[in-house]
Amino acid sequence: MARVLGLLLWIAAGLGFAALADFETMDPLTLAALTLACFMPAVVITLGLLVAAATWSLSHETRHLQGSIDELRQSLLQRETGTATAPVEAAGALSDLKAAQAEAETELAMFFSQRRRPEATAPAPVLPEQSAMFSEGENRALGALPATDELIRALNFPENEHDAAGFAAMRVALADPRLSPLIRAAQDVLTRLAQEGIYMDDLRPDRARPEFWRAFAHGTRGALIAPLGGIRDRSCLAITSGRMRSDPEFRAAVHLFLREFDRVFAQMEAQADDSQITAFSDTRTARAFMLLGRVSGVFSR
């Protein structure tokens, strides 16, 4: 305020001097010097006022920003300690939610390989021997794998929400510690492929003869089992190959799936006839193996 008053007084004094001075007797150089002497201080004072105003505004913004930072820090601290201070009711609700999610996880993961679900059909009848197998469940001795037909059904995943036999086979497979790693690895890679728009139901691979599958089960690799890489869709191969190169998590999931597939099929082949191997080769899990095995070089080493 004082600076403003000083500026006004200086301007008033300059105007008074201009009104009383005898400019007719002054030469141009003197007039220029007087004009500069009158108005230069006013200009300097004005600049000082502008700088002071800008400084005050910057200081105000700095204080406001600091307050926002303090609020954000406090919010983060509260979020970090929220788990420890959460009410018991909230913790219970969270536990119930996790339990429900775990219970529904298997059922929700069954349809990721289907672009379109088929029309609902009546559930396939459950044979007596299948019922006996389902009742054994987790108490199965670690001997032979489950019945080959039921293993094939589990590896193909349920056709739709009404496929009672498919869900039953899935439950048996997930309860078997030798099969559950493959089922979960297949779910993982098929879900990731579906994110790229690649669905197993859309693939139409060339069918390989059972002897090539048996050779694979006995350890043969490379060009000798090349017919197993029957996926010819260039778009799917390119997309999958690109994600293999760019996504380390996807690459690790693929390697885990191929390893589990190799392990389980080596055991299954010993108890399967040729017609069962042919049926197995048409499952969604086997189609994923054909695609990922070809991209990974299993059939070309």
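**Helical organisation of the predicted model**

From the N terminus on, the elements of the protein chain run α-α-α-α-α-α-α-α-α-α-α-α-α. The chain has 13 helices and 0 strands; helices (H or I, at least four residues) and strands (E, at least two) are DSSP runs, numbered from the N terminus. The model is predicted, and local features need pLDDT of at least 70, side-chain atom pairs count only at pLDDT 80 or more, and totals for chains, interfaces and linings use all residues. Residues are numbered from 1 along each chain as its sequence is written, and side-chain values use heavy atoms, with hydrogens and water left out.

Of the 301 residues in the protein chain, 36% are buried. Buried means under 20% relative accessible area, exposed over 50%, and partly exposed in between (1.4 Å probe, protein chains only). The chain exposes about 18100 Å², of which carbon and sulfur atoms supply 61%; accessible areas come from the Shrake-Rupley method with a 1.4 Å probe, and for residues only the protein chains shown count as cover. Among contacts (heavy atoms within 4.5 Å) between residues at least 6 apart in sequence, 79% join residues at least 24 apart.

The largest nonpolar core has 52 residues, and those with the most contacts inside it are W213, F257, F261, F280 and L291. Such a core is a set of buried Ala, Val, Leu, Ile, Met, Phe, Trp, Tyr and Cys residues joined through side-chain atoms within 4.5 Å. Two or more residues of this core come from each of α6 (148–156), α7 (164–175), α8, α9 (210–217), α10 (234–246), α11 (248–268), α12 (274–280) and α13 (284–296). Helix α11 gives the most, with 9 residues. Neighbours within four places in sequence aside, L291 is in contact with L193, I198, M200, L203, I231, C236, L237 and T240.

R192 lies in helix α8 (residues 180–195). With a relative accessible area of 17%, R192 is buried. Not counting residues up to four places away in sequence, R192 touches R243, D247, E249, F250 and A253.

Helix α1 (residues 2–20) contains A13, which is partly exposed at 48% relative accessibility. A13 and C38 are 25 residues apart in sequence, and their C-alpha atoms are 8.5 Å apart in space. L50 is found in helix α2 (residues 28–80) and counts as exposed because its relative accessibility is 55%. Together with L36, M40, V43, V44 and L47, L50 makes a nonpolar surface patch of about 560 Å². Patches are made of residues with over 30% relative accessible area and no salt bridge, like charges being joined within 9 Å and nonpolar side chains (Val, Leu, Ile, Met, Phe, Trp, Tyr) within 5 Å. A salt bridge is a side-chain nitrogen of Lys or Arg within 4 Å of a carboxyl oxygen of Asp or Glu.
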